[in-house]
Amino acid sequence: MLDTILIAVVMMLVLGALLGLGLGFADRFLKVEADERVEKVTSMLPGYNCGGCGYPGCSGMAEAMVTKEVQTFMCKPCKPDKKQEIIDYLKSTPGPDGSTVEIKG
């Protein structure tokens, strides 16, 4: 009886170690690089999350601009100076793939 319990405990430890190693390798080699420009543009937008642009909040709009889903600036409550700052930021800051974004004001 004690041998069976000992074998079960050892098997669970070995299984846990193997799964932990598998997760460690997956984290290292299957990592997806997040585009930091999305967070920066989100912080530059007014933060009203009004949906006037057609996206569910400012983070959705920022994601659409960075991924080139939209070509025109659609945030209505954004002030003109912030709008130009966002457009200039996207034009001058390359993403992880090295490309920049052209947004029309």
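Here is a quick look at a nonpolar surface patch and a nonpolar core in this structure.

This is a predicted model, with pLDDT of at least 70 needed for local features and 80 or more for side-chain atom pairs, while totals for chains, interfaces and linings use all residues. Residues are numbered from 1 along each chain as its sequence is written, and side-chain values use heavy atoms, leaving out hydrogens and water.

Leu6, Val10, Val14, Leu18, Leu21, Phe25, Phe29 and Leu30 make a nonpolar surface patch of about 870 Å². Patch residues have over 30% relative accessible area and no salt bridge, with nonpolar side chains joined within 5 Å; a salt bridge puts a Lys or Arg side-chain nitrogen within 4 Å of an Asp or Glu carboxyl oxygen. Areas are Shrake-Rupley values with a 1.4 Å probe.

Phe29 sits in helix α1, residues 2-29 (helices are DSSP runs of H or I, at least four residues). Phe29 counts as exposed because its relative accessibility is 61%; exposed means over 50%, buried under 20%.

The structure holds one aromatic pair. Ring centres must lie within 6.5 Å to pair, and planes under 30 degrees apart count as stacked.

| Pair | Centre to centre | Between planes | Type |
|---|---|---|---|
| Phe25 and Phe29 | 6.3 Å | 15° | stacked |

Because Phe25 and Phe29 are four residues apart in helix α1, about one helical turn separates them.

Notes. Patch = residues over 30% accessible without salt bridge, like charges linked within 9 Å, V, L, I, M, F, W, Y side chains within 5 Å. Helix = DSSP H or I, 4+ residues; strand = E, 2+ residues; numbered from the N terminus. Buried < 20%, exposed > 50% of the residue type's maximum accessible area, 1.4 Å probe, protein only. Phe/Tyr/Trp six-rings, centres within 6.5 Å; stacked < 30°, edge-to-face > 60°.
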